[in-house]
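Here is a short tour of one protein model. Keep the sequence and the 3D view at hand while reading.

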Amino acid sequence: MENKIKRIIVPMDGSKTSFRALAEAIEVARACHATILGIHSIPFLPADFMPSVVPYKIYQKKEAGKFFEDAKNRSAKLGILFSYAITYGSPVEQILAIAKKKKADLIVMGARGKGRVSELFLGSVSNAVLHKSSVPVLLVK
């Protein structure tokens, strides 16, 4: 059987679940000789929050840089090439757009992250990606 998985997308938010998804992606990447692209999307805030948007974006980008460097190191230790991108906008739309643009073969993501209102919408991003993606999606708990 021909190995068709070469590019894996791993949406990450720094949560334990996103790192479990990364671990699964690394295992698949090792078996298939694939590369991993980690993505983190910083959602837009409503206009009422405009005075705090710039500090929010700076903080989020800095935090994402920290957990992506950790992810890159974990991947490198196991021989996997890991790159990452930080985007702005709807996480669902960004994940799907990047998967299409980069011609991803698989999306591996945590079933639950640490969203702002996670108590109300547990797994809402993963659920939307699962149902809207034209790329196979592996959800990790």
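The buried residues of α4 pack against α3 (91–101), β4 and β5 (137–140). The model is a predicted one. Helix α4 spans residues 124–132, and its buried residues are Ser 126, Ala 128 and Val 129. Seen down the axis of α4, these buried residues fall within an arc of 165 degrees, so they line one face of the helix.

Next come the nonpolar cores. In soluble globular proteins, nonpolar side chains tend to be buried together. Here the largest nonpolar core holds 21 residues. Ile 8, Val 10, Met 12, Leu 22, Ile 36, Phe 82 and Val 108 touch the most other members. Four elements each supply at least two residues of this core: β1 (7–11), α1 (16–32), α2 (50–77) and β4 (106–110). Helix α1 gives the largest share, seven residues. Another core, of 13 residues, lies apart from the largest one. Among its members are Ala 99, Met 109, Ala 128 and Val 129.

Leaving out residues up to four places away in sequence, Leu 22 touches Val 10, Met 12, Ile 36, Ala 71, Ser 75 and Phe 82.

Now turn to strand β2. This strand covers residues 35–42 and includes Gly 38. Ser 41 is also placed in β2.

Is Gly 38 buried or exposed? Gly 38 counts as buried, because its relative accessibility is 0%. Beyond residues up to four places away in sequence, Gly 38 touches Val 10, Phe 68, Phe 82, Ser 83, Tyr 84 and Ala 85. Gly 38 and Ile 86 are 48 residues apart in sequence, with their C-alpha atoms 8.6 Å apart in space.

Ser 41 has a relative accessible area of 12%, under the 20% limit, so this residue is buried too. Which residues does Ser 41 touch, not counting those up to four places away in sequence? They are Thr 87, Tyr 88, Gly 89, Ser 90, Pro 91 and Gln 94. Two of these partners also meet the Ser 41 side chain as set out below.

| Ser 41 group | Partner group | Distance |
|---|---|---|
| Ser 41 side chain | Thr 87 side chain | 3.3 Å |

The contact between Ser 41 and Thr 87 is a polar one, joining side chain to side chain.

Terms used:
Residues numbered from 1 in each chain as written. Predicted model: local features only at pLDDT ≥ 70, side-chain atom pairs only at ≥ 80, totals over all residues. Heavy atoms only, no water. Buried < 20%, exposed > 50% of the residue type's maximum accessible area, 1.4 Å probe, protein only. Contact = heavy atoms within 4.5 Å. Polar contact = N/O pair within 3.5 Å; in protein donor to acceptor, adjacent residues only side chain to side chain. Core = buried A, V, L, I, M, F, W, Y, C linked by side-chain atoms within 4.5 Å. Arc of directions from axis to C-beta.
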